[in-house]
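Here's a quick briefing to read with the model open. Have a look at the fold first, then work through the notes below.

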Amino acid sequence: MATPLSDPSLSPLRTIAVIGLGTMGTGIAEVLARAGREVVGIDISEAAATQAAATLETATARAVQRGRLTEQERADVLARVRTSTDLTAAADADLVIEVAPESYEIKHQIFRELDGIVRPDTILATGTNALSVTRLAADSARPERVLGLHFFNPAPAMKLVEVVSSVLTAPTAVTAVTNLALDLGKEPVAVGDRPGFVADGLLFGYLNQAAAMYEAKYASREDIDAAMRLGCGLPMGPLALLDLIGIDTARTVLEAMYAESHDRLHAPAPVLKQLSEAGLTGRKSGRGFYTYEAPGSATVVRDALTPLVSSERNQGREVRSVGVAGSGTMASGIAEVFAKAGYEVVLAARSEEKAQTAKARIGKSLSRSVDKGRMTAEAAARTLDLITAAGSYESFADVDLAVEAVAEDLEIKQQLFQTLDKVCKPGAVLATTTSSLPVVACARATSRPQDVIGMHFFNPAPAMKLVEVVRTVLTGEDVHATVREVCVKIKKHAVDCGDRAGFIVNALLFPYLNNAIKMVQEHYASLDDIDAAMKLGGGYPMGPFELLDVVGLDVSLAIEKVLHREFRDPGLAPAPLLEHLVAAGCLGRKTGRGFREYARR
């Protein structure tokens with residue numbers, strides 16, 4: 001059957017014009033040329049066009065060195081790209097992709113001029129991530145041919161492409177660019193027209209909250225970034241990422257998001273405006289949240305805000321033995337961590353049987369480490385010998401540090417701290433592993449609140465490197481120093497934060513998860529597309545719905561409620577869909593059904 005050439009969804013887009021030859025435009029041109037497309041790169045700046053050609057030369061030469069292209073293939077790729085400073089060079093294009101600066105005025109001007117240059121069937125795509133595709137389309141003579149095609153930086157490496165339809169976009173145009181994205185080896189995700197789309201819509205809200213957390217002096221920039229890298233497995237911390245993206249760019253995106261949502265979580269943190277207007281826009285200017293070796297450099301250098309090295313800190317108390325209270329997975333994991341570091345550990349539970357079961361769990365964990373070649377059988381045996389299982393907290397009489405890891409219930413924890421106050425010797429440090437309850441409430445249950453601190457380990461404790469060290473207004477300086485020193489000895493990365501709901505990680509993570517649920521609730525995007533967008537576009541190890549089902553929807557809801565109650569921000573109210581699923585008993589993997597269904601074990 002003959003293919004009707006007038007239907008762009010059925011004919012390949014062979015000649016493509018890319019307007020705007022900055023980093024993104026040049027990257028898109030490289031992707032297209034390597035996929036066999038004829039590319040016309042257009043920029044009003046002769047220098048930008050020349051730089052783009054040089055960048056392509058360098059990138060393809062590197063690909064030859066790495067064995068990804070032959071010399072002949074490289075020559076063919078370069079031959080398929082020509083550059084121009086004249087928009088009329090786009091006259092024969094089947095598709096035009098504009099990646100000009102984020103300005104309605106500039107983009108409108110480009111689209112109006114293209115209306116008089118390109119063929120009637122040419123598709124016009126905008127690379128915006130902050131402006132309304134509908135508004136740009138409405139101003140065009142061919143609104144049905146206008147859509148969004150949002151690549152991620154660096155375009156040759158990043159798999160995600162968001163295909164953005166307005167209410168005016170013809171389905172055939174969407175099909176054509178979706179097929180092109182697949183042909184380029186990308187993962188296209190279909191989304192509607194709203195600022196930030198999926199990936200940036202979720203990402204920038206989270207980045208904004210991190211900026212606000214830093215601005216409030218709740219935690220240092222280094223600790224905020226380390227917490228999210230180590231606690232969530234993210235490739236970069238949020239403040240370092242803002243510096244990479246450009247603080248001015250982030251502010252523009254957030255202002256567009258806030259104009260649409262009126263959600264305070266999207267209202268740009270004042271520090272973003274202050275830095276932008278001072279010209280401190282991140283890596284490109286040499287200074288943003290961090291200071292860099294030079295403009296454009298990725299190398300961070302010390303400045304007035306760089307934390308002191310450990311030798312300049314206060315000295316803590318001596319810790320030789322550790323008590324761990326609890327018998328669950330977290331308690332046994334923490335006991336294993338301390339024993340591996342050479343500490344004598346008393347693992348106490350409400351009964352001897354529970355304590356022995358917890359110790360047996362540690363034995364199995366150590367055996368797995370031996371099987372995987374991570375430790376010798378002798379080292380595993382020595383580690384297990386350092387752990388004493390006890391059926392009473394009286395056995396904590398001589399420990400220097402007591403760590404509770406019992407149920408996340410304030411009344412239970414307060415009762416335990418009353419007991420620890422009675423049985424632990426004077427000068428012992430008392431720590432809670434709570435992830436959402438006020439540490440000071442545990443401290444006030446004792447006669448020595450200055451000795452109480454939070455040590456929030458992450459699950460599984462033997463594998464996760466992060467510990468959030470939570471000081472209350474009553475915690476002694478030497479107690480804080482003690483816990484910092486202990487974290488070094490157990491090979492964990494400690495981050496400091498104050499005693500407020502969510503600490504660092506949960507206060508940034510759960511609003512992001514909640515916003516992802518709202519996207520599904522509003523039928524904006526599917527679970528699969530949102531998970532794919534965050535893994536492919538944000539480098540997240542898991543999509544938000546995968547993570548919610550692993551954490552447990554009931555646990556997630558409880559944390560959302562705590563955050564909402566503490567900060568009283570309407571944007572933090574738990575998404576109704578989350579509440580409905582929990583009410584229905586759909587709690588995630590542990591029940592076989594959450595946002596997705598799982599095979600019963």
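Three cavities of 30 Å³ or more turn up in this structure. It's a predicted model, where local features need pLDDT of at least 70, side-chain atom pairs count only at pLDDT 80 or more, and totals for chains, interfaces and linings use all residues. Residues are numbered from 1 along each chain as its sequence is written, and side-chain values use heavy atoms, with hydrogens and water left out.

**The largest cavity**
- The largest cavity holds about 50 Å³ of space. A cavity here is a set of points on a 1 Å grid over the protein atoms alone where a 1.4 Å probe fits but cannot get out, and lining residues have an atom within 4 Å of a point. Points are joined across faces, edges and corners, and the volume is the space filled by probe spheres set on them.
- Its lining consists of Gly205, Tyr206, Gln209, Leu265, Ala507, Leu508, Pro511, Tyr512 and Asn515.
- Helix 18 (505-521) and helix 7 each supply at least two lining residues, and helix 18 gives the most, with five. Helices are DSSP runs (H or I, at least four residues) and strands likewise (E, at least two), numbered from the N terminus.
- The lining divides into six nonpolar, three polar and no charged residues. Ala, Val, Leu, Ile, Met, Phe, Trp, Tyr, Cys and Pro count as nonpolar, Asp, Glu, Lys and Arg as charged, and the others, Gly among them, as polar.

**Helix 7 against helix 10**
- Helix 7 (residues 199-215) packs on helix 10 (residues 247-261) at about 110 degrees, with axes 10 Å apart. Axes are lines fitted to C-alpha atoms over the stretch in contact, and angles run from 0 to 180 degrees between N-to-C directions.
- The pair is therefore roughly perpendicular (65 to 115 degrees).
- Asp200, Gly201, Phe204, Gly205 and Asn208 of helix 7 meet Ala250, Val253, Leu254 and Met257 of helix 10 (contact: heavy atoms within 4.5 Å).

- Most residues other than glycine have a negative phi, and most peptide bonds are trans.
- His262 has a positive phi of about 55 degrees although it's not a glycine; it sits in the loop between helix 10 and helix 11 (270-277).
- His262 is exposed, at 59% relative accessible area (exposed is over 50%, buried under 20%, partly exposed in between; 1.4 Å probe, protein chains only).
- A cis peptide bond joins Asn153 and Pro154, with omega about 0 degrees, and another joins Asn459 and Pro460.

Definitions and conventions:
Angles under 35 degrees count as roughly parallel, over 145 as roughly antiparallel, 65 to 115 as roughly perpendicular and the rest as oblique. On a 1 Å grid over the protein atoms alone, a cavity is a set of points where a 1.4 Å probe fits but cannot get out, and a pocket is an open set with protein on both sides within 12 Å along at least five of seven lines; lining residues have an atom within 4 Å of a point.
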